[in-house]
Amino acid sequence: MNNLNDRVVMPVWMLGLFVVVMNTTMFNVSVPSIITDLRISSDLGSWIVSSYSIGYALSTVIYSRLSDIAPIRRLVAIGLLILGLSSVLGIFAHHFALLLTARILQSAGAGAMAGLGLVLASRYIPIERRGKAISMIAAGSAMAFGLGPIVGGVISEYFGWNGLFVVTCLVLVILPILLKLLPKENPKPAKFDYFGAAWTVINATTLLIAVTQQSLIWFVASIVTIALHVLHIRKAKGEGTFVNPEVFRQPGYNRLLVVGFCLLIINLGNLFLMPLVLANLFHKSEMMIGFLIAPGAILSAMLTPFVGRWLDRYGNVRFLFIGTAVLMVVMALFMTALGNSPFIIMCGYLLFSPAFSATLASLNNQTSSILPKHLIGSGMGMMQLFQFFGGSLSVAICGLLLHKMRNISLEHAYNHVYQLLFLCPVIAIVMLGWYYSSYRKKVQAQNLI
């Protein structure tokens, strides 16, 4: 196995992931301008964000799965080249069709950074230092979520929304650095389940469209495609399939999947709601909204070295409980005192962002520690697919709920949606308790041997 200088590689990787994730939140604040400039409907405008989110989630698991049969260096090169070149295309996109094409192509390349980062850390960084590396990845995402609205607002205001694509072109600068630093691999020859990958894409896409469009036809279509995918896996008897059924048989893995699904529902749901609350209840500008959210993201990044050290020293499970409990407290604060002051949101996010980063890092670190080496690619990829799918679903459901409650006051509508989000950390803590009981029994059994 090649050595990896993680003290150099992981900060560079965090920078790349920061740019990739920020590519989502930058465009969130610019959608109204794009709708006006291109003279399109709000429904079409929403696809500028949702198409990227869906593609990002699916490409993440595809790159993770491909890492079992292809060198990480090659996959990173392909992913970042697609992302960088499609960003160049986006700079000159002045029609909706070209803009949407650029966004979809961006998402096809962006998944490389999210999908392969955890595989890289799990495969090459010793368990005693892995927590620090994975917490860096989580901090890069947290900072991007928090600072994206500021960057997007400033660039859109002074340079126009096409200038947002220039920021993403920075990955072309990072690419040669990563290619020099990443280890050279010679993976064993293996077949890739292209049909399974296609079924996974179809399953997720049809289900998301069914929710966003509230379509019974699309929901039935998603059920049918899932059934066909299951038949495909059974016919192959799980051997070499894209979705490896063996990962779901790993002790505790399914419970951690539920926790990851709930965490991203909370995070992306909250990030979707906070700007709306600040704009509609307190009449804050796009730039001011960014400045109110940014302190939480900055604090999260500042705490990253400490969080990684604490994870490596005290273990993951403890931080999973603590972090999820903090998220539950913040959701309780938002659902009861949201309309009192914008500084409640700022102070709440100061707790929320570091807690989310620490919880996500400990979850991914714990997941990597329970997976055998031959299942790391498929197992971590599936974990991220569940996480991003939960996030995409959260934004769609929050939007639908607000639309349904348009006849009541905005403050009460936001409070009701936060009540729903409050249930997610409660479910996550129940799952963690169930996981911890079996985890403790396993540790005790190992000590007796």
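Entry 1: The model is a predicted one, where local features need pLDDT of at least 70, side-chain atom pairs count only at pLDDT 80 or more, and totals for chains, interfaces and linings use all residues. Residues are numbered from 1 along each chain as its sequence is written, and side-chain values use heavy atoms, leaving out hydrogens and water.

I placed Asn-162 in the loop between helix 6 (127-159) and helix 7 (164-168); helices are DSSP runs of H or I, at least four residues, numbered from the N terminus. I found its side chain 3.0 Å from the backbone oxygen of Ala-93. Leaving aside residues up to four places away in sequence, I list Gly-90, Ile-91, Phe-92, Ala-93 and His-94 as touching Asn-162 (contact is heavy atoms within 4.5 Å).

Entry 2: helix 9 and helix 15. I noted an angle of about 15° between helix 9 (residues 194-213) and helix 15 (residues 376-404), with axes 9 Å apart. Axes are lines fitted to C-alpha atoms over the stretch in contact, and angles run from 0 to 180 degrees between N-to-C directions. The two helices are therefore roughly parallel (under 35 degrees). Among the residues that meet are Leu-207 and Leu-208 in helix 9 and Phe-389 and Leu-393 in helix 15.

Entry 3: helix 14 and helix 15. I read an angle of about 150° for helix 14 (residues 342-370) and helix 15, with axes 10 Å apart. Helix 14 and helix 15 are therefore roughly antiparallel (over 145 degrees). The contact includes Asn-364 of helix 14 and Gln-387 of helix 15.

Definitions and conventions
Parallel < 35°, antiparallel > 145°, perpendicular 65-115°, else oblique. Polar contact = N/O pair within 3.5 Å; in protein donor to acceptor, adjacent residues only side chain to side chain.
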